[in-house]
Amino acid sequence: MLRSGRLSMQRFHLRGLNTGPSIRPSIDCTAAAGSLLSGVPPRTVVSLISSQVLSRIVLIVLFALSTAAATAAQVAQLREDTAAIAAGADSRARRQAITDALSAARIEYRLEEFMFPRFSGTDIVVDVSAKTPAKTLLVGAHYDRVAVGQGAVDNASSCAVLLELLTVLKANPMENISIRAVFFDLEESGLVGSQAYLAAVTDKQSFSGGINLDIFGYGNTIFATTSSADGKLAHALETAAKDLSMPVRVVEPRQYPASDHRSMMNAGIETLGLALIDGKEIDPILQRSQPEPRILTIIHTPRDTMENIRPEDMEKAYPVIEKTLRLMDET
Ligand SMILES: [Zn+2]
């Protein structure tokens, strides 16, 4: 039950805190105290200043400790969620792991069954409303897997990250942007779940943007594609990554591996496709060079198991996604 509203709220506030401005007033206070207490014996002034400084230090240490504890809890949660989904051998079992996690976080969902064009499957749909809803962004991650391996990196990892995002946004909704999250089925059968989902949406322009997560289990770099290099989403991603010192590499859709972001782009939605991998793997992926980059020796093979998941990496990259959305919320 780590994914409680209380934890998320605490986590967000911790992330939202900025120790910079809280230190600066202490200097002002010290100066002010010096002038105000000009008639007070020096030893008393020194002890007053010392106790102020000491209390600041205690606060900063407590802040650092609670931030570390919250991060450790989220890392554990990402590992637990990824493992629970990866343990499911088929879509039904993996879907159950996701809906169990949503229920534990008290997040409502609905199951949308489809037949498209001759495949039947089930997408999981979640709405998280803004405080004053004005726009809706679509955020997706496929939960199905290929027959071999456990589909841990591809794509239980992204589902766990999407669960974290939904939990945080439920506790701290955005001002104007509501989120429609879809855990897509049957991506591995040809982007079927996302195509089916979008085919059923009559007003595709109701989405002011879309983000798809596919492969997010380890790495130091966000590997991205966008339908519009000059679009708001691409700019928000670059700003968020820069602010959080996370390397990001954006390439054109034709260079980027296929995933459900293509269904969003084909529906005319301004879209980002996001993955997390090691930066050194990107050129070999683009150039299809040998030996194969590590990620291609994992996905769609028996090696796609929890052994290749690094939840610390996932947790380090997660804030880029949340910040991208919150920057969109400000525009
Ligand atoms: Zn995938």
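I count two strands as paired if DSSP finds at least two bridges between them, and I take helices (H or I, at least four residues) and strands (E, at least two) as DSSP runs, numbered from the N terminus.

**Strands.** With that rule I looked up strand β1 (residues 110-116) and strand β2 (residues 119-128), which run antiparallel and are joined by 7 bridges. The link from β1 to β2 is a hairpin through 2 residues, and Phe116 has Phe119 in β2 as its bridge partner. I then followed β2 to strand β4 (residues 177-184), where the pairing is antiparallel again, over 5 bridges, and where I found Val128 opposite Ile179 in β4.

**The model and its confidence.** I note that this is a predicted model, in which local features need pLDDT of at least 70 and side-chain atom pairs count only at pLDDT 80 or more, while totals for chains, interfaces and linings use all residues. Residues are numbered from 1 along each chain as its sequence is written. For pLDDT (the predictor's confidence in each residue, from 0 to 100) I read a chain mean of 89, with 85% of the residues at 70 or more. Over residues 1-37 the pLDDT stays under 50. Where pLDDT is low, the predicted coordinates should not be read in detail.

**Whole chain.** I found 10 helices and 8 strands. Of the 331 residues in the chain, 41% are buried, a residue being buried if 20 or more other C-beta atoms lie within 10 Å of its own, exposed if 12 or fewer, and partly exposed in between, with C-beta atoms placed from the backbone.

**Helices α5 and α10.** I looked up helix α5 (residues 152-171) against helix α10 (residues 311-330), whose axes come within 10 Å and cross at roughly 55°, the axes being lines fitted to C-alpha atoms over the stretch in contact and the angles running from 0 to 180 degrees between N-to-C directions. The angle makes α5 oblique to α10, since angles under 35 degrees count as roughly parallel, over 145 as roughly antiparallel, 65 to 115 as roughly perpendicular and the rest as oblique. Among the residues that meet across this pair are Val161 and Leu165 in α5, and Tyr318 and Ile321 in α10.

**Asp304.** I located Asp304 in the loop between α9 (282-287) and α10, and it counts as buried because it has 28 C-beta neighbours inside 10 Å. The C-alpha atoms of Asp304 and Asn155 are separated by 9.5 Å, although these residues are 149 residues apart along the chain.

Note on methods
Contact = placed C-beta atoms within 7 Å.
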